[in-house]
Amino acid sequence: MTNEFEALFQVVKHRQESPAEGSYTSYLFDQGIEKILKKVGEESSEVIIAAMKNHREEIIAETSDLLYHLFVMLAERGISFEEVTAEIENRSHKVGNLKQERPDITDY
C-alpha cells in the first residue's frame with residue numbers, strides 16, 4: 001500500500017516541479033495554499049458526511065480525494081511523504097501515552 005501512496009506523492013511532486021497545462025494538480029499549485037486548504041477542508045467534510053450516511057463506496061471515493069488533496073498540501077508545504085511515514089513509524093513504537101492528544105498509531 002505504501003508504494004501506491006509513494007507513487008501518488010511522486011506524481012504530485014512532479015506536477016509541482018513541472019506544471020502541465022490542463023492538470024488539476026498544477027492548477028491547485030498555481031492557485032496557492034488557500035485553495036489547497038479549502039479543498040482539504042471540503043474533502044474532509046465529504047468523508048464525514050459519507051461516513052455518517054454509512055455509504056461504503058462514497059466513503060472510499062471521498063477518502064481517496066482527501067488523501068490526494070493532503071498530498072498536494074504536503075508537497076506545497078515542502079513536507080515529504082517519507083517524513084509522514086517516519087512519524088507514523090515512530091508512533092507505532094510508543095507504548096500508550098494517555099496524555100497525548102494525538103492518537104498513537106496503535107490506537108487506530
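Colleague: Which residues have the most contacts inside the largest nonpolar core?

Modeller: This is a predicted model, where local features need pLDDT of at least 70 and side-chain atom pairs count only at pLDDT 80 or more, while totals for chains, interfaces and linings use all residues. Residues are numbered from 1 along each chain as its sequence is written, and side-chain values use heavy atoms, with hydrogens and water left out. A nonpolar core is a set of buried Ala, Val, Leu, Ile, Met, Phe, Trp, Tyr and Cys residues joined through side-chain atoms within 4.5 Å. The largest one has 16 residues, and those with the most contacts inside it are Phe-9, Val-12, Phe-29, Ile-36, Phe-71, Val-72 and Met-73.

Colleague: Which helix supplies the largest share of this core?

Modeller: Helices are DSSP runs of H or I with at least four residues, strands are runs of E with at least two, and both are numbered from the N terminus. At least two core residues come from each of α1 (2-17), α2 (24-31), α3 (33-53) and α4 (56-76). The largest share, 7 residues, belongs to α4.

Colleague: How many helices and strands does the chain have?

Modeller: From the N terminus on, the order of elements is α-α-α-α-α. The count is 5 helices and 0 strands.

Colleague: What percentage of the 108 residues counts as buried?

Modeller: Buried means under 20% relative accessible area, exposed over 50%, and partly exposed in between, with a 1.4 Å probe and protein chains only. By that criterion, the buried part of the 108 residues is 25%.

Colleague: Are α3 and α4 roughly parallel or roughly antiparallel?

Modeller: Axes are lines fitted to C-alpha atoms, for helices over the stretch in contact, and angles run from 0 to 180 degrees between N-to-C directions. The axes of α3 and α4 come within 8 Å and cross at roughly 160°. Angles under 35 degrees count as roughly parallel, over 145 as roughly antiparallel, 65 to 115 as roughly perpendicular and the rest as oblique. The angle therefore makes α3 and α4 roughly antiparallel.

Colleague: How many nonpolar, polar and charged residues are in the contact of α3 with α4?

Modeller: Contact means heavy atoms within 4.5 Å. Among the residues making it are Ile-36, Val-40 and Val-47 of α3 and Ile-59, Leu-66 and Met-73 of α4. Ala, Val, Leu, Ile, Met, Phe, Trp, Tyr, Cys and Pro count as nonpolar, Asp, Glu, Lys and Arg as charged, and the others, Gly among them, as polar. The contact has 12 nonpolar, 3 polar and 8 charged residues.

Colleague: Which residues does Glu-58 touch, not counting residues up to four places away in sequence?

Modeller: Glu-58 lies in helix α4 and is partly exposed, at 24% relative accessible area. Its C-alpha atom is 7.9 Å from that of Val-47, 11 residues apart along the chain. With those sequence neighbours left out, Glu-58 touches Ala-50 and Lys-53.

Colleague: How do α2 and α4 stand to each other, and which residues of α2 make the contact?

Modeller: Their axes come within 11 Å and cross at roughly 50°, which makes α2 oblique to α4. On the α4 side the contact includes Tyr-68 and Val-72. On the α2 side it is made by Tyr-24, Thr-25, Leu-28 and Phe-29.

Colleague: Is Thr-25 buried or exposed?

Modeller: Thr-25 is in helix α2 and, leaving aside neighbours within four places in sequence, is in contact with Val-12, Arg-15, Tyr-68 and Val-72. At 9% relative accessibility, Thr-25 counts as buried.
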